[in-house]
Structures are given as structure tokens and as C-alpha cells.
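I opened a new notebook page today to get to know this structure. Here is what I looked up, entry by entry.

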Amino acid sequence: MAAAEKAQRYEAFVSDVLQRDLRRVQEQRDAVLEQQAQVLQLRSALTRLQDAEGPLHTQVDLGCNFFVSAEVPDPRRVFVALGFGFFAELTLPEALRHLERRNSLLQRLSDSLTRDGAKIRAHIRLVLEVTPPPLPGHTPYLATP
């Protein structure tokens with residue numbers, strides 16, 4: 001019975017600890033990738049804005065899909081959210097440099113989370129491979145993502 005108990009403990013460890021950790025890392029990585037997509041979208045918008053000349057005419061959403069027309073007489077400076085409620089007024093080239101730095105930081109974070117996920121998957125496979133064979137009538141936990 002000791003082998004069956006150990007197998008159950010290993011399976012519980014995989015399902016309770018490793019699978020939970022893997023989901024958490026994947027959720028964090030998805031959030032970082034979403035932020036990275038927003039940075040790339042903003043960089044594209046700022047590049048288009050940099051090429052435009054004269055005042056900027058746009059529609060602004062006030063909420064609940066209620067749009068009003070707006071005109072920005074001098075679109076050469078923008079406010080960029082730095083985090084923690086802080087904003088900086090930057091020129092367009094400065095804002096683009098800031099977005100490049102933020103994008104490289106997010107890329108490093110995404111790569112780190114990808115490596116962490118791969119390590120957790122390797123631990124799951126290792127635990128499942130060293131688990132003793134199941135007893136007749138017992139279905140082991142074999143689902144790995």
C-alpha cells in the first residue's frame with residue numbers, strides 16, 4: 001500500500017501545486033502579452049501622429065459609446081502613463097523611446113514567464129514519470145497541459 005499512497009500523494013502534488021502554479025504563470029504571461037500588444041498599438045498610433053501635420057481632429061469616447069468631436073491644436077506633445085498614477089508630458093520622439101524601453105522590459109518579463117512555465121511543465125512530467133504504476137482499478141492523473 002505504500003506505493004499506492006505515494007502515487008496518490010504525487011498525483012495530488014501535481015494537481016494541487018504544480019498545475020495551479022502553471023495556471024498562475026500562464027495567466028501572468030497572458031497579461032504581459034496583452035500589455036505588450038497595447039504598447040505596440042500605441043507605438044503605431046504615435047508613429048502615425050508623428051507623420052501628421054497641423055491640428056488633429058478626432059472623436060473622443062466620453063463613456064457608454066457617447067462620442068464627441070475634438071481638436072488638438074498642437075499634437076507634438078502627449079501625456080504618457082508611467083504607472084502608479086503618474087503621467088509625463090513627452091514629445092513624440094521621447095514617447096516612442098519610452099515605449100521601446102517598455103516593450104523590451106515586457107519582452108524580457110514574457111521570456112522569463114515562458115521559461116518558468118517550461119520548468120513547471122518539466123517538473124510535472126518528471127513527477128508523472130517517476131510515479132509508480134497504478135494499481136488495477138485506479139486511474140492515475142495523467143493530464144498534462
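Before starting, I noted what a bend means here: the bend at a residue is the angle between axes fitted to the seven residues ending there and the seven starting there. I also noted that this is a predicted model, where local features need pLDDT of at least 70 and side-chain atom pairs count only at pLDDT 80 or more, while totals for chains, interfaces and linings use all residues. Residues are numbered from 1 along each chain as its sequence is written, and side-chain values use heavy atoms, with hydrogens and water left out.

I found two helices and four strands in the protein chain, in the order α-β-β-β-β-α from the N terminus. Helices (H or I, at least four residues) and strands (E, at least two) are DSSP runs, numbered from the N terminus. I then looked up burial, where buried means under 20% relative accessible area, exposed over 50%, and partly exposed in between (1.4 Å probe, protein chains only). Buried residues account for 23% of the chain's 145 residues.

At Val14, α1 bends by about 30°.

I checked β3 (residues 77–83) and β4 (residues 86–91), which pair in the antiparallel sense over six bridges; strands pair if DSSP finds at least two bridges between them. Val80 stands opposite Ala88 in β4. Two residues separate the strands of this hairpin, and Phe84 in the turn has a positive phi of about 60°.

Another joins Glu89 and Arg77 at 3.3 Å, N to O. Glu89 lies in strand β4 and Arg77 in strand β3, so this pair ties together parts twelve residues apart in sequence. I also noted that salt bridges with shared partners join Arg20, Asp21 and Arg24 into one network.

Where is Leu62 found? I located Leu62 in the loop between β1 (56–61) and β2 (67–72), and this residue is exposed at 57% relative accessible area.

Key:
A salt bridge is a side-chain nitrogen of Lys or Arg within 4 Å of a carboxyl oxygen of Asp or Glu.
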